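Please walk through the structure shown below with the model open beside the text, taking one region at a time. The account begins with a single side-chain contact and widens from there.

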Amino acid sequence: MWLSFRYILINFPADLLKWVDLADQEWNLLASNFQVKTAQKQEYILLPGAKGHELYFVCSGLLRFYYITDDGMESNKAFIPENTFAGSLAAYNLDLPILYGVQALEPTMLLAANFSDFVALFEQHPIFDRLGRKLAEWLLIRKELRARSLLQQQATERYLDFVKQYPDLAKRVPQYHIASYLGITEVSLSRLKRTA
C-alpha cells in the first residue's frame, strides 16, 4: 500500500506537492491512515446525511459531489477527477452530517481516510500540520472561486470558464450534470454550446 500511495502522491500536481517533503517514516504514517476503495460507474459512495467524515484522494476515475433538495432535485457541487483531494471540512469541524452525496461517474479507485485520523496526524509532526493547512487553503480557494462564478458571472461565462479550466471534464461528464453544476437547464446548456 505504501508504495502505491507514495507513487500516487508523487504524481500529484506540482503546485500541491511542493507543500511538504515527507521522509519515509512520514510517508508510512500518512499511508497507514488511508484505505483503498473502489466504486463502479453510477455507484453512490456517500449519501446526504451520512455521519462518516472522510478525506478522499481520487486515484483514477471521476466523482460527482451533489446536493439534494427536500423534493429530490439534485444540484452538482463539484466534479472530482483523478489526482484530486476532496472532503467536507465544514461538516467535520462543525460535527454535522454530510450535507452532500458522492457518486462515481466512472469506475473509480480512491483512497479514503477518516478525517479525525488525518487531523490527529497534525499533532504528531509539524509537516502534517502544514499539509493539513495547505489542503484547507486549497479547498477554500476552490470554494471561493466557485461562489464568485455563481454570483457574478452570466451562464455563458460560467460555461466558457468550465470548458477552459476543465477541458477533459467537459468531455467526460454527462451534459445534464454539467448544466446542473452551472446552475442552468440542459436546454440552456445546449443553446450556449451552439452559440459559444
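In this predicted model, the side chain of threonine 185 makes a polar contact with the side chain of serine 188, at 3.0 Å. Threonine 185 sits in the loop between α9 (175-182) and α10, and it counts as partly exposed because its relative accessibility is 46%, which falls between the 20% and 50% limits.

Two packed helices are described by the angle between their axes and the distance between the axes. Here helix α7 (residues 155-165) packs with helix α10 (residues 186-195) at an angle of about 70°, and their axes are 10 Å apart. Because angles from 65 to 115 degrees count as roughly perpendicular, α7 is roughly perpendicular to α10. On the α7 side the contact is made by Ala155, Thr156 and Tyr159, which meet Leu189, Leu192 and Lys193 in α10.

The interior is the next topic. In soluble globular proteins, nonpolar side chains tend to be buried together. In this model the largest nonpolar core has 22 residues, of which Leu30, Phe34, Phe118 and Leu135 touch the most other members. At least two residues of this core are supplied by each of α3 (24-31), β3 (54-60), β8 (108-114), α5 (115-120) and α6 (126-152), and α6 gives the largest share, with six residues. Leucine 135, when its neighbours within four places in sequence are left aside, is in contact with Trp19, Leu55, Phe85 and Phe118. Apart from this core lies another, of 16 residues, among them Ala39, Leu46, Ile98 and Tyr100.

Which values of phi does one find at glutamine 42 and at asparagine 83? Glutamine 42, a residue other than glycine, has a positive phi near 75°, while asparagine 83, also not a glycine, has a positive phi of about 65°. Glutamine 42 is found in the loop between β1 (34-39) and β2 (44-46), and asparagine 83 in the loop between β5 (74-81) and β6 (84-87). With a relative accessible area of 36%, glutamine 42 is partly exposed; asparagine 83, at 26% relative accessibility, likewise counts as partly exposed.

Conventions: Residues numbered from 1 in each chain as written. Predicted model: local features only at pLDDT ≥ 70, side-chain atom pairs only at ≥ 80, totals over all residues. Heavy atoms only, no water. Axes fitted to C-alpha atoms, helices over the stretch in contact; angles between N-to-C directions. Helix = DSSP H or I, 4+ residues; strand = E, 2+ residues; numbered from the N terminus. Parallel < 35°, antiparallel > 145°, perpendicular 65-115°, else oblique. Contact = heavy atoms within 4.5 Å. Buried < 20%, exposed > 50% of the residue type's maximum accessible area, 1.4 Å probe, protein only. Polar contact = N/O pair within 3.5 Å; in protein donor to acceptor, adjacent residues only side chain to side chain. Core = buried A, V, L, I, M, F, W, Y, C linked by side-chain atoms within 4.5 Å.
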